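Visitor: Before we start, I would like each label to be set against its cut-off.

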Amino acid sequence: MSSSRHSGSSGGSSAKTKRDIRVAQATADAKLHSAFESSTQSGDGFDYSKSVDASKGSGQSMPSSTITAYLQKMQRGGITQSFGCMLAVEEETFRVLAFSENAPEMLDLIPQAVPSMGHKGLLDLGVDVRTLLTPASAAALEKAASAQDVSMMNPISVQCRSTQKPFYAILHRIDVGLVIDFEPLGRAGDGAGGGGAAAGAMQSHKLAAKAISRLQSLPGGDIGLLCDAVVEEVRELTGYDRVMAYKFHEDEHGEVVAEIRRADLEPYLGLHYPATDIPQASRFLFMKNRVRLIADCNAPQVQVIQDEKMKQAISLAGSTLRGVHGCHTQYMSNMGSIASLVMAVVINDNDEEEGGAGGGGAAQTKGRKLWGLIVCHHSTPRCVPFPLRSACEFLMQVFGLQLNMEVELAAQLREKQILRTQTLLCDMLLRDAPMGIVSQSPNIMDLVKCDGAALLYGGRFWLLGATPAEPQIRDIADWLLECHKDSTGLSTDSLTDAGYPGAANLGNDVCGMAAARITDKDFLFWFRAHAEKEIKWGGAKHNPGDRDDARRMHPRSSFAAFLEVVKARSQPWEDVEMDAIHSLQLILRGSFQDLEGDAANKSMIHARLNDLKLQGMDELSTVANEMVRLIETATAPILAVDSNGCINGWNAKVSELTGLPVGEAMGRSLVVDLVHEDSAELVERVLYLALNGQEEQNVEIQLRTWGAQQRERPTVILVVNACASSVVGVCFVGQDVTGQKLVMDKFTKIQGDYATIVRSHNSLIPPIFGSDEFGYCTEWNPAMEKLSGLRREEVLGKMLTGDVFGAMCRLKSADAMTKFMIVLNNAMDGQDTERFPFSFVDRNG
């Protein structure tokens, strides 16, 4: 089935990829930036709404040099904010390569007399930065710089040599060395809490302990509740006037999904904004530096002085002090916001097609994506100290982890609902195919979210909800047969962009369409209205009739610009929805691919259906097997049984875990032949309850193993959810916890004095490691040496998170690191964690 999403794919042979969308958006961002720069120079003023309109689909290309210059300015703009100062140094020698103009004054290095010709000041290019700090501070800086992951060492408490003025030093690596951001301690504008002498990430994270505990205690299944909680906790931590959760949609536009604000501020909750409001280059930077503080957008920017021998400007992409460019300053000013704190929310991206998006600024880290942002605004200057920002960053990691689970749960629930609907539709097919899927309840409109649906079968029409008229549907079908004859269907959020000639005549009720071809000439259709109908103005002031200055980039004009962008589009079709449509299409095509729609063939259909009814459960099992094959590629172990308890579904993952091939499993009794005797009674009860309408969740069962798997382990332990179906019988969707269970059992048997265990070389003693309150490794026992391949002396004194686990021993994912850090923080706070599954790659890979 072909797809035409977002624009211009009239051929419909391939979907517009995320890479395409991001590259196009980066170009639009560059156009917008160029228009703003031109308006600043000419004094004509910047018309935001017209610029957004001009940047979308105008066919006007931008020179690659203009795009490159725009992206370079975002990352290497040569300006910093004034709430701190910046030094870039060579990593080995600490020789200064660049510094912000305010550094000498802020570091109390202004000479008492004017330096004579040829003599350098106290701070100049080539100076060793360690000579500017106290000996203890210089030693702390050297220790931090030696770490594999310097971010885990931040912030480092340092003092000026001359006046002992205290600073937080925040380090990060760039292509030519280290960038050190110095932020003074004890500023009058510091945010709530967190201004003490915390040093290192682990100490900073303690500031968010209460907020993290709240997020982890929330009931699952409600992303809105999770978003509401996180904005409340961030506001309590930081004290900003307004805190919002801003989610990115598939087409890159954004929406405010949660908000807490000062009572007198107008609400932004529910507003949608065009993708250009958060440029792709900014999103790229958020993937590199997860927290962005603007202390005062009206404060003068500070120029960076650097060695003229350097080939290009210093990269400030990871700097806490990166400067604010004019367009964003104007946007903040128009919103009445002087200060802001923005934090990236990053989650897993299992659908990422490519590692980057070309054009420089559109790439994102493979396997991870920017779900959205937590955005804080304040009406007066506000500078939150780094330890508190670090705590907020860790809170975002935990939020992202929780969000991952919620997104995956929501996807599973959607898939489960779709599977149930497909099952019911199959039942209808057995009774009255294919008219039953439109004439009975539930029907094809219940399969996916839509405003209308239609069946064109044998020259007749069945219409549900808001659809085009019958002649228009016939015309769409003829267009598909002519222009997409080699395809089995089409999905698009804009029939206009897909190239359908009659799109303009369909009115406001039809914009997007998914079509599935079920025979040579027959189709199923699903229709969606314009997305504008679903966009709601947030708050009384946000009324379509209200006007503000379109020449200013402001939430209201930004919203109006978004409506201009989406007025000819529907909500995009999600992958899970297209999978559901495609699977229904396969079932229908498999049943009727050779049949035409005349009266004689209809008789053949009904005769065939009568045969199916007479054959009863045998044919029903065949339909069940058809459905099981659709989920054969699932990575989770899935099995199904009929009403007699015999296997009629056994996917590749179960086969892999148990060693029992699919062919040998089919038809065997689950309880008698496949389940371990310890679980037999439990499984019988679960089957009985499921077949009587009571589905069990999170049930632990043991399956027997065969062949090579049996030699390795006698049983496989699964935690399963049982789902009943009138076609399949009972479907079990499971999670393999065998390894976790074995580890847990081993640890529960360990008794005695922990000091003795740590020192023992006995092979029965498990791997043990320890940490101090700052996160440095203090213990690494012989079993841990053997397991990891790292000697005790190699790891003692190094940061557990980042250096040991991260650089020396790689963890499975960013989520695994976050979970590990949560456990460490809980332990430092006196909270025990039992049976925490922990896996890593040893030094040899």
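Predicted model: local features only at pLDDT ≥ 70, side-chain atom pairs only at ≥ 80, totals over all residues.

Guide: Residues are numbered from 1 along each chain as its sequence is written, and side-chain values use heavy atoms, with hydrogens and water left out.

Visitor: Why is the pair of Y246 and Y273 called tilted?

Guide: Rings of Phe, Tyr and Trp (its six-membered ring) pair if their centres lie within 6.5 Å; planes under 30 degrees apart count as stacked, over 60 as edge-to-face and the rest as tilted. The centres of Y246 and Y273 are 5.8 Å apart and their planes stand at 35 degrees, so this pair is tilted. The structure holds 18 aromatic pairs.

Visitor: What does the pair of Y246 and Y273 tie together?

Guide: Y246 belongs to strand β8 (residues 242-248) and Y273 to strand β10 (residues 272-273), so the pair ties together parts 27 residues apart in sequence. Strands (E, at least two residues) and helices (H or I, at least four) are DSSP runs, numbered from the N terminus. Both Y246 and Y273 are buried, that is, under 20% relative accessible area, where exposed means over 50% and partly exposed in between (1.4 Å probe, protein chains only).

Visitor: What makes R528 count as sitting over the ring of W573?

Guide: The rule asks for NZ of Lys or CZ of Arg within 6 Å of the ring centre and within 35 degrees of the ring normal. The charged end of R528 is 3.8 Å from the centre of the W573 ring. R242 likewise lies over the face of Y268, at 3.8 Å from the ring centre.

Visitor: How do you know that the buried residues of α13 line one face?

Guide: The buried residues are I473, I476, A477, W479 and L480. Down the helix axis they fall within an arc of 160 degrees, so they line one face of α13; the arc is taken from the directions from the axis to the C-beta atoms. The face turned away from the buried side carries the exposed P471 and E482.

Visitor: What makes β2 and β5 edge strands?

Guide: Two strands pair if DSSP finds at least two bridges between them. Seven strands form an open antiparallel sheet in the order β2-β12-β4-β3-β7-β6-β5, and β2 (79-80) and β5 (156-159) each pair on one side only. Within the sheet, β6 (residues 166-174) and β7 (residues 177-184) pair over eight bridges.
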